[in-house]
Amino acid sequence: RYVTSPPTLIRDVVVVGGFVYDNQSAYEPSGVVKGFDIYSGELLWAWDFLSPKAIKWDPSQADFPKNTPNFWSFGSADEDLGLVFIPTGNTPPDFYGGHRSPEQDRYASSVVALEATSGNVKWNFQTVYHDVWDYDIPSQPILVDWNDGLEQVPGLIVATKRGEIFVLDRRNGIPLTAVEERNVPQSGVPE
């Protein structure tokens, strides 16, 4: 696991993700996201993809669970809302997900809004369910003022590897434009 993108800075917290190899095994390092105090360097919180709540973690504790999604791209931050928006990868390995738990899939290939000071999940918008095709989100969420025809709302725009563009309310993750979900053919692979 190593950092591939600049950290996101919000409310004196530096939020850092990291890259993991996603086709090497089904036992990759954790994709944990960490928030550090900008002045002291102290680890304030650590958010693991298996939980909606961040924890106060110290290095003497056991390591984080293996084989979770990760946050390797660029994040965005809204100082007024106190939220950091992270685009996420999928649970490794690609092309087979029969070993994955629902918790491993919950935040994969999503935009996740974390509270900057606690690291807790405020909301999550998943673009692909049970992603086995490496359709994680490589793009930095773009923050905009969105006019929905009635009022101006704080919006978030994110593009995917599939060429889809999602426009969300950054306060709660609710789509501001139509989103159509479609079933896809299922394989005959067991589990």
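The side chains of Asp78 and Arg170 are joined by a polar contact of 2.5 Å. A polar contact here is a pair of N or O atoms within 3.5 Å; within protein, one must be able to donate a hydrogen and the other to accept it, and residues adjacent in sequence count only if both atoms are side-chain atoms.

This is a predicted model, in which local features need pLDDT of at least 70 and side-chain atom pairs count only at pLDDT 80 or more, while totals for chains, interfaces and linings use all residues. Residues are numbered from 1 along each chain as its sequence is written, and side-chain values use heavy atoms, with hydrogens and water left out.

Let's start with confidence. pLDDT is the predictor's confidence in each residue, from 0 to 100. The protein chain has a mean pLDDT of 87, with 93% of its residues at 70 or more. Strand S5 (residues 76-78) has the highest confidence, at 98, and helix H1 (residues 102-106) the lowest, at a mean of 87. Both are DSSP runs numbered from the N terminus: helices are H or I with at least four residues, strands E with at least two.

Back to Asp78, which sits in strand S5. Asp78 counts as buried because its relative accessibility is 7%; buried means under 20% relative accessible area, exposed over 50% and partly exposed in between (1.4 Å probe, protein chains only). Leaving aside residues up to four places away in sequence, Asp78 touches Ile10, Leu83, Phe85, Leu143 and Arg170, where contact means heavy atoms within 4.5 Å.

Gln126 belongs to strand S8 (residues 121-126). Gln126 is buried too, because its relative accessible area is 16%. Its contacts, again not counting residues up to four places away in sequence, are Asp105, Arg106, Tyr107, Ala108, Ser109 and Ser110. Ser109 is 17 residues from Gln126 along the chain, yet their C-alpha atoms are separated by 6.0 Å.

| Side chain | Backbone oxygen | Distance |
|---|---|---|
| Gln126 | Asp105 | 2.6 Å |
| Gln126 | Val128 | 3.4 Å |

A cavity is a set of points, on a 1 Å grid over the protein atoms alone, where a 1.4 Å probe fits but cannot get out; lining residues have an atom within 4 Å of a point. There is one cavity of 30 Å³ or more, and the largest cavity holds about 50 Å³. Its lining includes Val3, Pro6, Phe71 and Trp72. By class, that lining has seven nonpolar, five polar and no charged residues.

How values were computed. 1 Å grid on protein atoms, 1.4 Å probe; cavity = no way out; pocket = protein on both sides within 12 Å on 5 of 7 lines; lining within 4 Å. Points joined across faces, edges and corners; volume = space filled by probe spheres on them. Nonpolar A, V, L, I, M, F, W, Y, C, P; charged D, E, K, R; others polar.
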